[in-house]
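My notes follow in the order I took them.

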Amino acid sequence: MKILSAQQMQVLDNYTIAHEPISAIDLMERAAKAFTASLLSSIEPDTPVVVFCGKGNNGGDGLAIARLLQQRHFAVRVYVLELSAKSSPCFDANLERLKGLVEIHHLQHEADLPELQPKHVIVDAIFGSGLKGTVQGFAARTIEGINASGSKVYSVDVPSGLDGGLQPELPEVAVKATEVFTFHAPKLAFLLPGFAAYVPRFQVLDIGLSAAGSDTLDSDNEYVDSNWVKGRIRTAGKFAHKGTNGHTLVAAGSYGKAGAAVLAVRAALRSGAGLVTACVPQCAYDIMQTTNPEAMVLATGEHELQPVALTANYTAVALGPGMGQSDSVFQLLQSVITSNKVPLVLDADALNLLSQHRHLLEALPEDTILTPHPGEFKRLAGEWNSEVERLQLLRGFAVRYKVVVVLKGAHTATAMPDGRVYFNSTGNPGMAKGGSGDALTGVIVALRAQGYSALEAAVLGVYVHGLAGDLANREMGNTSLLASDLIAALPKAFQLLASGIITATKTD
């Protein structure tokens, strides 16, 4: 799903109006109906609703939503902010439709602002995604009143005060929505951690915008949802055997951190690799043989990994989880990077060593997959001062070194060597535990070993890892969810993907 700018969304709206064909007011009605249906599933039938509208098309959406709620017998009040003498034609048409049905108040001064209470539900339709500049004056005071009300707030398409794209700085004033119901695709700001206070949850509503029109628009950012992954998971053929499903090597673990190796190997085993070899120090040998009997074990070194010749016919290699950063571990990493000819996945201590020995970045084979968390990425790429800079660093790093970078977190962002970035839709806060990243490494390297491209292995791996986390979360909840629970849910996640029956996209 392409993530489009405000300007591109306007182009897509116009294309749909011209080619469906459909009138602008009817397309707005379609959006209002979709918003109202989602709102009705989120609020109680007797809840009083207060709708704040600007005088553009976002305000027109709000007026249409108010009318639809009134038809459902909700107590609705509408407040129109008179910020300009101008109004859009669709706003005017919906204002005329609404007259006589609900209370409409025109706000011109701060003194006109209504008293809001926690019992109210607020629909925010003041500004849309095309907002230019910062919100000031009377509009800012209105938004501050909404935020201070204690009411649940549902924003139409974009919280008022955000432009929906990448603002250089966080807004001085913007609606802090309870949930955003956005049209067609998420806006880029929704997927970045700095904007979480304004968009803690969102739902993407399909309003039937033209697929052909979307195909004409270019975007370097994509949102990976269930439609993106459908049909991409392969199923084994009748004559498949362990040799045709790839041989994965996972080099991981050290004294006191054998668990990282155990989790990465177990995740690889659960992700379809035909053979998995664990390269661990001698102190983890018995642990690995006991916990993962399906894996073969190559032991080197006593308490930490030592350089070893990787002569077996591995089809993908992962290094990093829990392996430490000693000189001997560095020598192993250097040897693998400079002499290994198979796909690589680097995580954890492998990334920390790369940040200390930066000359190795230039030696990384093309399409090597790096899986840093934000701290590891900062050590690799440098500091950033805004969400704009972080995304630029991520994209630029992948392009410069011709690697795939999986920047872990909510809506994990995976950057490709061609500059595209894929934002994930699965996962939950319960996965913010030690070991979750080790499991992701195992999933990705197993997919890579089976012949998936670097793009497919990284993006699908992140998606299925998050889906497994969501399935486990249903049973365990955020507090008690462990990485081992996530791995135990991988079989169900792969079953759902293979069957095409995928659970609804998580958006919080």
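**Entry 1**

I looked up Glu387 first: its relative accessible area is 14%, so Glu387 counts as buried (buried is under 20% relative accessible area, exposed over 50%, partly exposed in between, with a 1.4 Å probe and protein chains only). I note that this is a predicted model, in which local features need pLDDT of at least 70 and side-chain atom pairs count only at pLDDT 80 or more, while totals for chains, interfaces and linings use all residues. Residues are numbered from 1 along each chain as its sequence is written, and side-chain values use heavy atoms, with hydrogens and water left out.

Glu387 forms a salt bridge with Arg390, and the closest N and O atoms are 4.0 Å apart. A salt bridge here is a side-chain nitrogen of Lys or Arg within 4 Å of a carboxyl oxygen of Asp or Glu. Arg390 is also buried, because its relative accessible area is 13%. Helices (H or I, at least four residues) and strands (E, at least two) are DSSP runs, numbered from the N terminus.

I checked the length of α13, residues 387–401. At 1.5 Å a residue, its 15 residues should span 21 Å, and the end C-alpha atoms are 21 Å apart, which agrees; the expected span is 1.5 Å times one less than the number of residues. Lys402 follows α13 and has a positive phi, near 60°.

What do the buried residues of α13 pack against? I found β8 (221–224), β14 (369–370), α12 (374–381), β15 (404–407), β16 (413–415) and β17 (421–424), where contact means heavy atoms within 4.5 Å.

**Entry 2: Cores**

Phe397 is one of the buried residues of α13. Phe397 touches Leu361, Leu370, Phe377, Leu380, Ala381, Val403 and Val405, leaving aside residues up to four places away in sequence. In the largest nonpolar core, of 75 residues, Phe397 and Leu394 are among those that touch the most other members. I took a nonpolar core as a set of buried Ala, Val, Leu, Ile, Met, Phe, Trp, Tyr and Cys residues joined through side-chain atoms within 4.5 Å. Helix α10 (residues 327–339) gives the most to this core, with six residues. A second, separate core has 63 residues, including Ile233 and Leu496.

**Entry 3: Other charges**

I get 14 salt bridges in the structure. Glu29 pairs with Arg97, with the closest N and O atoms 3.6 Å apart. This pair links distant parts of the chain, helix α2 (residues 24–40) and helix α4 (residues 89–98), 68 residues apart. Glu29 is buried, because its relative accessibility is 12%, whereas Arg97 at 37% counts as partly exposed. Glu29 and Arg97 are linked with Arg67 in a network of salt bridges.

Glu376, in helix α12, is buried yet has no salt bridge. The nearest side chain of opposite charge, Lys408, is 4.7 Å away; Lys and Arg count as positive and Asp and Glu as negative, with His and the chain ends not counted.

**Entry 4: Cysteines**

How many disulfides does the count come to? I get zero, taking a disulfide as a pair of cysteine sulfur atoms within 2.5 Å. For Cys53, the nearest cysteine sulfur is that of Cys90, 14 Å away. Cys53 is buried, at 0% relative accessibility. The sulfur of Cys279 is 12 Å from the closest cysteine sulfur, in Cys283, so it is too far for a bond. Cys279 is buried at 1%.
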